Amino acid sequence: MNGEAPGARLPLDGVRVVEFSHMVMGPSCGLILADLGADVIKIEPTGAGDKTRALPGSGAGFFPMFNRNKRSVSVDLRSEQGVEFVRRLVGTADVVTENFRSGGLDALGLGYDDLRPDNPGLIYCSLKGFLSGPYEQRAALDEVVQMMGGLAYMTGPPDRPLRAGASVNDVMGGMFAAMGVLAALHERRETGRGKLVRSSLFENNVFLVGQHMAQYAVTGAAAAPMPARLSAWAVYDVFDTGDGEKVFVGVVSDTQWRAFCSAFDLPELAGDAGLATNAQRVAARDRVIPRLRETFGAMARDEVIRLCGSARLPFAPIQRPEDLFDDPHLAEPGALTEVTLSDGRTVRLPSLPLELDGERLPLRRDLPDPGEHTADLARELGYSDDEIAAAGADGAFGRSAASAG
């Protein structure tokens, strides 16, 4: 949609990534690398491109969230000419990422073993449902691994497993994949050799619930689902306020307890020797929490927030995703990145949660149209305008390339 914006040099300037991906896991890996400065080239089918572009409902945000700062190439991988183009492109690349079904790219001659001989320094990153083991060939989704990996059990109330409210394994699987790619790039500086990197949904999910596995190993007691857990702190809950709102308040140390009691004018609790330590307060939750609910229920949410802030206590208003567009902290320059949707509207979406020397990472390229950069990349690879037009007319490069020659 837009060209590349000028800017300061970024950490991954000069690194080229060829991305075969759809949905969330693969594109999130590419987004991280792209935001850090890599030239990420997204391979899309001819025609309408990545089917993720047209997902309805809860999938409608996938493409705009995870595909900025990328170039799009539209290629028919069922054609010899399309595969040859991609092989030439990969010959110029440092990294290939893919999250399609197991064996899909191998069947096209685009697997790691196919591409490595012509590019020994290539880092090939596969993002799958499972790593090596009995489940390796199973199909997986974020919800599948949350159910089988204990996260849904921990999120919902007893006997009601509930998936987390975001694609946590897809996104974190992409994050771990990006970490693996960066580690392999660092190692390649010494060895000159590439590497096969694999990231997965299931093992990522197991990593997320590892703290609960460790809790069982340490205590011998199974971790209860989060809604039924015995909290480590007495005050660590969501409270109703007098104006019909809700706020989370946490008091996680004895110092915070004293500050809390002072801020909310609760001298009878502050002076109670039976509540002096966190362990005592946890044991007395049945007595403490009703008193606090009474206190908060007589106050407006903004007053609760003001007092918690002045006492430097952990607190949070309960917000919905759509509320975040107007969050004052996210109004800070760079916290949200403006991209253009397919219908021409602009929207601000979350930037990578990083600062480098106090600066957020910039938008260099808006969301690409399907195949927007096919002709440009073909020229970089030495194709003539006539060859580009012919490949576009034949459908190997997508029809848009025919008019770009």
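Which residue forms a salt bridge with D240, and how far apart are the closest N and O atoms? Select K246 together with D240 to find out: K246 is the partner, and the closest N and O atoms are 2.5 Å apart. Before you zoom in further, please keep in mind that this is a predicted model.

**Stop 1: salt bridges**

Next, select helix α14, residues 301-310. Show the side chains of E303 and R306, which meet in a salt bridge with an N to O distance of 2.8 Å. These two residues are three apart in the helix, so about one helical turn separates them. E303 is partly exposed, with a relative accessible area of 31%, and R306 is partly exposed as well, at 47%.

Now move to R320 and D323. Their side chains also meet in a salt bridge, here at 3.5 Å from N to O. R320 has a relative accessible area of 52%, so it counts as exposed, the cut-off being over 50%. D323, at 23%, is partly exposed.

To close this stop, select R16, D39, R71 and E380 together: a network of salt bridges links these four residues. The structure as a whole holds 31 salt bridges, so there are others to browse if you like.

**Stop 2: the second largest pocket**

Select E44, P45, L77, F100 and L108. Of the 19 residues lining the second largest pocket, these are the closest to its centre. The volume of this pocket is about 490 Å³.

**Stop 3: a nonpolar patch**

Show M175, F176, M179 and F207 on the surface. They form a nonpolar patch there, and together they have about 390 Å² of accessible area. Helix α7, residues 168-191, gives the most to this patch, with three residues. F207 sits in helix α8, which spans residues 201-208. Click on F207 by itself: its relative accessible area is 59%, so F207 is exposed.

**Stop 4**

Is N69 buried or exposed? Select the loop between α2 (62-66) and β3 (70-74), where N69 is placed. N69 is buried, with a relative accessibility of 2%. Its phi is near 60 degrees, a positive value in a residue other than glycine. Most residues other than glycine have a negative phi.

While N69 counts as buried, D159 counts as exposed, at 77% relative accessibility.

**Stop 5: a contact across the sequence**

Finish by selecting L381 and R88 and drawing a distance between their C-alpha atoms. The two are 293 residues apart in sequence, and their C-alpha atoms are 7.1 Å apart in space. L381 lies in the loop between α15 (374-380) and α16 (385-394). Its relative accessibility is 14%, which means that L381 counts as buried, the cut-off being under 20%.

Definitions and conventions: Residues are numbered from 1 along each chain as its sequence is written. This is a predicted model: local features need pLDDT of at least 70, side-chain atom pairs count only at pLDDT 80 or more; totals for chains, interfaces and linings use all residues. Side-chain values use heavy atoms; hydrogens and water are left out. On a 1 Å grid over the protein atoms alone, a cavity is a set of points where a 1.4 Å probe fits but cannot get out, and a pocket is an open set with protein on both sides within 12 Å along at least five of seven lines; lining residues have an atom within 4 Å of a point. Grid points are joined across faces, edges and corners, and a volume is the space filled by probe spheres set on the points. Patches are made of residues with over 30% relative accessible area and no salt bridge: like charges are joined within 9 Å, nonpolar side chains (Val, Leu, Ile, Met, Phe, Trp, Tyr) within 5 Å. Accessible areas come from the Shrake-Rupley method with a 1.4 Å probe; for residues, only the protein chains shown count as cover. Helices (H or I, at least four residues) and strands (E, at least two) are DSSP runs, numbered from the N terminus. Buried means under 20% relative accessible area, exposed over 50%, partly exposed in between (1.4 Å probe, protein chains only).
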